[in-house]
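Welcome! Let us walk through this structure together, beginning with a word about angles and then moving on to helices and domains.

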Amino acid sequence: MSSGPVRAAVPRALRGTAAVVLDTDGVITDSARVHAAAWKAAFDAYLRDRKIRQRPFDVREDYLRYVDGKSRMDGARAFLESRGLDSAEDEVRAVAADKERLFTERLRRHGIDAYPGTVRLLRVLRSAGIPRAAASASRHATEILDHAGVRDLFDTLVDGAEAARLHLPGKPEPALFLEAARRLGVPAARTAVVEDALAGVAAGRRGDFGLVVGVDRADTPQTRAALLEHGADIVVNDLGDLLASED
Ligand SMILES: O=P(O)(O)OC[C@H]1O[C@@H](O)[C@H](O)[C@@H](O)[C@@H]1O
């Protein structure tokens, strides 16, 4: 680990931290909105096709509460259950497959960018010798980090495909983050988790991580309060805010 001025550039909030594990969609890359839009199209088609007279999927509220941060099947199941729909397993699978088709179409059409504030923070951490992992419930996370050109900023990556291969239970269980910290060789108590999903901050809390940073892209009092209630120690709108507060 570096010392002196390089170490001093690390945001105060992260100074007791020996490693950082970052969620991917919505924290590193602006791909959460692409997931949310694909889920909306898939769930709304599901409700429409079955003539279920309910309000459509809400890309903010429903996404944050039931889908964000969870594996594809867990998210599909959680939303349908939240509406009291007792869907058979093959129906859950079908709506998840529909979302996957829509998501990959949109991904190819629009591309994905990394958040500049996150990239700045990652570079500061790298200069200070603090190891960094990307973690995600998404099977597309590796591809997304490649597309956004930021994969080389991480020492390790645990994505949805890895999680499935290792049979890791999904968020709010902390297994994905614990695996990432294990690969970095740092105990959870000395590792920070950075998350925008409610299930994700809850996983950070359950895993007894040293610090849980919530990222509130929606920037509303409700979303901020929900992140704190679910386990965030601090909440920022963008990771660049952590660096800005040091100026
Ligand atoms: O379907 P994928 O790409 O494996 O992604 C699974 C989940 O990955 C999470 O990171 C997203 O927050 C969810 O919206 C998404 O459903």
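This is a predicted model: local features need pLDDT of at least 70, side-chain atom pairs count only at pLDDT 80 or more; totals for chains, interfaces and linings use all residues.

Residues are numbered from 1 along each chain as its sequence is written.

Look for helix α2 (residues 32-49) and helix α5 (residues 89-110), which pack at an angle of about 140° with their axes 8 Å apart. Here helices are DSSP runs of H or I with at least four residues, numbered from the N terminus; axes are lines fitted to C-alpha atoms over the stretch in contact, and angles run from 0 to 180 degrees between N-to-C directions. α2 and α5 are therefore oblique to each other.

Which residues make the contact? Among them are Trp-39 and Phe-43 of α2, and Leu-102 and Phe-103 of α5. Two residues are in contact if their C-beta atoms, placed from the backbone, lie within 7 Å.

Now step back to the whole chain, which is divided into domain 1 (5-31 + 113-244) and domain 2 (32-110), with bounds from an automatic or database domain assignment. Their centres, taken over C-alpha atoms, are separated by 24 Å. Where the domains meet, 16 residues of domain 1 are in contact with twelve residues of domain 2. On the domain 1 side, helix α10 (residues 198-206) gives the most, with three residues.

Conventions. Helices (H or I, at least four residues) and strands (E, at least two) are DSSP runs, numbered from the N terminus. Angles under 35 degrees count as roughly parallel, over 145 as roughly antiparallel, 65 to 115 as roughly perpendicular and the rest as oblique.
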